[in-house]
Amino acid sequence: MVQMVDTDRAAQMRKALVAQLRDQGKILSDTVEQAFLRVPREGFMPADTDLAVVYGYDKPVVTKRDAQDQAMSSVSAAYIQAAMLELAQLRPGMRVLEVGSGGLNAAYIAEVVGPEGRVVSIDIDPEVIDRAATALDATGYSIRVRVLVADAEHGVPDEAPFDAIIVTVGAWNIAPAWLHQLQPDGLLVVPLIMNYVTRVIGFRRNGDHLISTATEIAGFVPMQGEGSRPHKHIELTDATGCKVTLSFDSGAPSDPAQLDGVLTAGTAESWSGITIGHGVSFADLHLWLAWFLNGFCRLSAEQGTDLTAKERWLPFAAVRGAGLAYLMLRDVPQDDAAEFGVRAYGGDAKLAAAALTEQVQAWYRAGRHTVPTFTYWPTGSDHSRLHADAKVMDKTNGTIVISWPALVAADSPSGDH
Ligand SMILES: C[S@@+](CC[C@H](N)C(=O)[O-])C[C@H]1O[C@@H](n2cnc3c(N)ncnc32)[C@H](O)[C@@H]1O
């Protein structure tokens with residue numbers, strides 16, 4: 001952690017990063033701006049990290065990987081740290097719990113809540129806590145932050161209640177402890193995984209349930225410990241012998257044998273007529289499909305796969321009976337855009353292709369240009385205010401509801417999970 005740093009250059013880069021974060025609307029308040037100007041990011045990074053990475057806008061730095069090379073701990077990218085601090089609506093004097101540690105974010109929180117506030121930062125991994133404690137010590141923040149080894153699932157009961165809880169690890173479930181340890185009007189910021197698609201959601205507690213205030217797009221390392229969520233995987237082989245994996249968070253086919261040999265069976269291809277300008281984000285299409293498309297799954301394939309020769313394939317797919325369809329894009333140069341299409345395989349290829357195409361078109365009609373909101377109703381809360389047609393997703397300890405504004409006026413999409 002100790003390193004020789006060109007402090008003038010670091011200070012200049014810190015200022016430039018803050019200007020960019022302001023410009024992009026990730027820093028909104030003077031308190032978060034001051035925190036980003038004061039805390040030396042380089043003090044929390046592995047010693048050999050280039051300052052251009054340390055002060056990059058969207059560059060997470062992985063600090064630990066598992067045996068399969070999957071990232072298990074990282075210093076989050078600056079843009080999402082700033083956005084999450086703003087989602088938590090931090091103010092001086094607040095008590096804050098950070099779930100998933102590293103030291104840097106805790107130092108930012110300490111700057112914002114000031115000496116009258118309280119910061120508790122937990123991690124399940126003792127090595128991460130050791131590293132965070134050393135860095136906080138070296139940068140002068142250790143007296144303002146309590147770090148401890150703990151599983152997110154239980155929070156920190158002896159420090160509760162908190163005005164804000166900021167979870168910095170991908171969570172499939174909302175642990176009951178987070179709600180119990182939150183003030184009645186407290187804020188919970190959590191990267192919530194909804195059928196394989198993550199949204200960082202800022203929730204305000206409203207009595208027995210949570211209502212979203214705003215969201216951000218980012219991916220996070222997976223939750224370990226009691227709240228970890230196993231996925232179901234189906235492995236297939238394409239015509240060239242490459243391995244193709246379908247990963248399900250929920251709704252995995254009850255009879256995966258139906259997919260045996262699917263990638264070498266009949267194919268169907270269709271183009272939706274729906275285009276997207278180059279450089280325009282369509283992240284909410286993924287969220288839409290995760291919520292409305294039956295049999296939704298993530299697709300990954302070994303290098304060399306022949307799944308698509310010319311077009312760009314996207315890692316989103318759906319299974320219908322003995323059919324598998326996945327999303328792809330092709331250039332439409334005259335419109336300076338790309339068109340969404342679907343390629344499907346297997347005995348039910350046409351069925352699978354039609355289901356995916358239908359949801360791309362439904363998203364275009366009702367989902368594009370609008371921002372969904374979320375409510376979370378823990379088990380045992382009063383659901384009576386929930387609309388009968390509400391689109392819900394069950395979690396271990398409650399139900400999450402999505403409201404897509406345009407859907408109120410538009411036809412309801414036909415997905416039914
Ligand atoms: C993205 S890193 C945290 C980044 C840090 N907040 C920052 O801004 O630099 C996520 C951390 O969550 C930790 N983690 C994973 N599962 C956990 C659990 N169940 N309880 C507590 N921490 C957990 C990992 O060990 C990892 O260090």
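Strand S8 (197-206) and helix H8 (283-292) each contribute at least two residues to the lining of the largest pocket. Helices (H or I, at least four residues) and strands (E, at least two) are DSSP runs, numbered from the N terminus. The structure is a predicted model, in which local features need pLDDT of at least 70, side-chain atom pairs count only at pLDDT 80 or more, and totals for chains, interfaces and linings use all residues. Residues are numbered from 1 along each chain as its sequence is written, and side-chain values use heavy atoms, with hydrogens and water left out.

S8 gives the most to this lining, with 3 residues. The volume of the largest pocket is about 810 Å³. Its lining has 28 residues, and Gln70, Ile193, Tyr196, Phe220 and His231 are the closest to the pocket centre. A pocket is an open set of points on a 1 Å grid over the protein atoms alone, where a 1.4 Å probe fits, with protein on both sides within 12 Å along at least five of seven lines; lining residues have an atom within 4 Å of a point.

The ligand sits in the second largest pocket, meaning that more than half of its atoms lie within 2 Å of the grid points. The ligand is surrounded by 23 residues, each with a heavy atom within 4 Å of it. Strand S2 (residues 71-75) supplies the largest share of this shell, 4 residues.

A ligand oxygen lies 2.9 Å from an N or O atom in the side chain of Gln81. A ligand nitrogen lies 3.0 Å from an N or O atom in the side chain of Asp151.

Key:
A polar contact is a pair of N or O atoms within 3.5 Å; within protein, one must be able to donate a hydrogen and the other to accept it, and residues adjacent in sequence count only if both atoms are side-chain atoms. Grid points are joined across faces, edges and corners, and a volume is the space filled by probe spheres set on the points.
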